[in-house]
Amino acid sequence: MLLENTLTQLHAQLKSRQISAGDLLNECFDHIDKADSGLNVFITHTDRQKLLETAQKTKINSLLSGIPYVLKDAYNTLGLPTTAGSNVLKNYISPYSATLVNRLNKAGSLLLGKTNQDAWGHGASTENTDYGPTLNPWDQTRVAGGSTGGVAAALATRMACYGIGEDTGGSIRNPAGWCGISGLKVTYGRVSRYGAIAYASSLDTMGPMARSVEDLAAILSTIAGQDPYDATSSPQPVPDYLSKISLGIKGKIIGIPKEYYSEGLDPEIKKIIGEAVKVFEQLGAKIDDQISLPSLKYGVAVYYILAPSETSSNLARYDGIRYGQDRSNFTFETRRRIMIGTYALSSGYYDAYYKKAQQARTLIIKEFKQAFSKCDFLLCPISATPATKLGELITDPVKNMLSDIYTVATNTAGIPSLAIPCGFTKTGLPVGMQLQGPMFSEAELFKAGYAYQQVTNWHHAQPNI
Amino acid sequence: MDVAYVAKLANLPLNPGEEAKFQKQFEETLKTIAVINELDTLGIEPTSQVTGLVNIVRQDVVDPSRILPPPKSNNGYFTVPSIFDAS
């Protein structure tokens, strides 16, 4: 199967004309025809005839040229509807494309379509969507995770070579873990947010998802970098992420923060990550299991004040007057988050909630800095449980919030985190782990993830569809 | 929390029966969030964004290649569907 190849391998085959971009598209179309309607991955498909015509004219001059990809439906695309998973933007066609979309299209990638998500990013299961839940390809009684469930399910079933997700509180890492694929939450500001439908502006990050760390590095090299249209995008130069990716991690210190492995974490997941720790030791890393991150206790509270507050502001523009449908089209869960945010920002409550959360944020950032003075990476679980059953999270807001417990602090601090598969439960559900690093340490994270994937096969596994 | 009041502030409609459901969920949510009061934040500066960037500006120039062509116009005015009945 062509799609089992890495981007580097596909590039070589495309360049030497062993295969054509049309061949890649046709393989994607086959997989989409087979599995999309059952799993409910796509919201909008690009016209196939147009794609094949574009493929014929595409020059293969970069690693992403001729490569089919998918976008979480949170990215504005000129000419193709953008819904953010909500009826408020049903059939909405944006007059411009997001910066990262322009960069990917300029590099010659071929957009297959827009995929399902929790509306506006509000969720961890792709159930808070007006387009029906996306099912987990490994067990269709369970969710694909969220909010970037569509991309994760598409990649697990080989419907595309890569995708772009969005991570505000874990929305790339959670579905990557539950669907058995790789994903990167970038440093805040590493990738332009211009043209992405905002959830929480101080937390939102745009990041690649693919079936290997190597591919993530190739994609990031194209989408990262300062954008004059996004004042929060970083002027830090973009390294060539692939060039040193195979240098290994001898002597690097991996911290295992105690609080992330205590009660609440499924013991099977704990054991599986324990095996991964042994692999990292065999690769030459040193382990520090004395690292402590007590702020884990406050992470959910801080995030569930900051994010709803910021979303209540960002979603105020959807008035149904200038474009889109009216506000009665927001789901119950979205209206809940908007109202929590409105309340936390309202007169008399602002200091106790939003300001307090901003102060807690300063403490969380400080705590991560202290941890990184002792270690190079932090290895943590992504989720406390494997993929949940349909209906489990969406009906229980507190359970829903707590499911983000291991991922929200990352966004609060703005640091990057690499999510990679590390095993399966006895019942065949994927388990992922995340490697967190200091700001702008993506190149180092890639080295660690790449080294792990050279000696393990979890990222090659494929569900039976 | 006064659900009806907050819904009004947020310009969100409430369907019949939802107010009670929201009320219950808000109570549970606020209880979960209340743990933040245990943190000693006396004298701690709030962080509103993590980039450390300040006063980032750019040239005020439009890139016409990135947007759709403008709507139909007639003599400097945009042409739009009629609002009033022709009769």
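Glu38(B) and Lys297(A) form a salt bridge, their closest N and O atoms 2.7 Å apart. A salt bridge here is a side-chain nitrogen of Lys or Arg within 4 Å of a carboxyl oxygen of Asp or Glu. The pair crosses between chains. Glu38(B) sits in the loop between H2 and strand S1 (73-74) of chain B, and Lys297(A) in helix H9 (residues 296-314) of chain A. Helices (H or I, at least four residues) and strands (E, at least two) are DSSP runs, numbered from the N terminus.

This is a predicted model, in which local features need pLDDT of at least 70 and side-chain atom pairs count only at pLDDT 80 or more, while totals for chains, interfaces and linings use all residues. Residues are numbered from 1 along each chain as its sequence is written, chains are lettered from A and ligands numbered from 1 in the order in which they are written, and side-chain values use heavy atoms, with hydrogens and water left out.

Now the interface as a whole. Chain B brings 43 residues to the contact and chain A brings 52 residues; contact means heavy atoms within 4.5 Å. Together the chains bury about 4,400 Å², 70% of it on carbon and sulfur atoms. Buried area is the accessible area (1.4 Å probe) that two parts lose on being put together, summed over both. Two salt bridges are counted between the chains. There are also 14 residue pairs in polar contact across the interface, both residues at pLDDT 80 or more. A polar contact is a pair of N or O atoms within 3.5 Å; within protein, one must be able to donate a hydrogen and the other to accept it, and residues adjacent in sequence count only if both atoms are side-chain atoms.

Next, inside chain A. Arg158(A) forms a salt bridge with Glu4(A), with 2.6 Å between the closest N and O atoms. Arg158(A) lies in the loop between helix H5 (149-156) and strand S6 (162-167), and Glu4(A) in the segment before helix H1 (7-15), so the pair ties together parts 154 residues apart in sequence. Arg158(A) is buried, at 1% relative accessible area. Glu4(A) is partly exposed, at 31%. Buried means under 20% relative accessible area, exposed over 50%, partly exposed in between (1.4 Å probe, protein chains only).

Arg193(A) and Asp230(A) meet in another salt bridge (4.0 Å, N to O). Both residues are buried. Over all chains, the whole structure holds 18 salt bridges.
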